[in-house]
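Student: Please take one part of this model and go through it closely. Then set that part in the context of the whole chain.

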Amino acid sequence: MRRAPGRPKGDLVDRFWSKVRTTDTCWLWTDAPTADGYGRFRDGNKKVLAHRFSWTLHFKTDIEGRELDHRCLVPLCVNPEHLRIVTRKQNNENRSGAYRNNPVGVRGVTRNRNGKPFKALVHSNGVRYYLGRFDSLQEAEEAVIEKRLELFTHNEIDKNAVRRIREKVTA
């Protein structure tokens with residue numbers, strides 16, 4: 001992007017901060033997001049993801065070729081305390097909800113064609129774990145959550161879900 005004539009170049013860090021709105025938890029990127037919902041920032045002649053720029057700015061470490069996971073699950077968040085370096089597998093483990101094409105809306109649960117109405121599956125390291133068929137969506141969801149907690153190392157979503165369920169039971 002070219003500067004308008006007479007417009008000063010401006011400090012890169014100041015430009016970055018001018019596009020961030022801090023809240024009590026997340027630091028939200030306010031400029032136009034990518035199609036995937038992440039912040040994008042121009043660093044010289046190249047475009048970088050805003051959360052990656054924030055990580056490098058705060059921790060002064062090169063993360064080239066590695067992935068950052070948003071522990072808060074907010075793609076526009078650039079708070080480095082909400083980010084962690086992960087593998088692709090770990091990044092995929094910490095995602096919320098089912099894919100858009102899942103008709104039941106629960107990750108790992110699909111409708112069964114015959115017999116009990118729901119079946120549960122979990123995928124990890126190229127292995128598909130069939131957990132069975134269930135009469136209720138809740139039973140199937142509990143089964144996939146339990147299996148993911150057993151298999152996944154970076155799974156904040158299911159840990160928080162179990163915590164909320166336990167709080168409801170004890171209340």
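Tutor: Start at Glu139, which sits in helix α4 (residues 137-151). The model is predicted: local features need pLDDT of at least 70, side-chain atom pairs count only at pLDDT 80 or more, and totals for chains, interfaces and linings use all residues. Residues are numbered from 1 along each chain as its sequence is written, and side-chain values use heavy atoms, without hydrogens or water.

Glu139 has a relative accessible area of 38%. That makes Glu139 partly exposed (buried is under 20%, exposed over 50%, partly exposed in between, with a 1.4 Å probe and protein chains only).

Now a buried site. In helix α2 (residues 50-59), Ala50, His51, Phe53, Ser54 and Trp55 are buried. Their cover includes helix α1 (12-17) and strands β2 (27-29), β3 (40-43), β4 (46-49), β5 (67-70) and β6 (83-86). Just after α2, Lys60 takes a positive phi of about 50°.

Across the chain there are five helices and nine strands (DSSP runs: helices H or I, at least four residues; strands E, at least two; numbered from the N terminus). Of the 171 residues, 33% are buried.

Key. Contact = heavy atoms within 4.5 Å.
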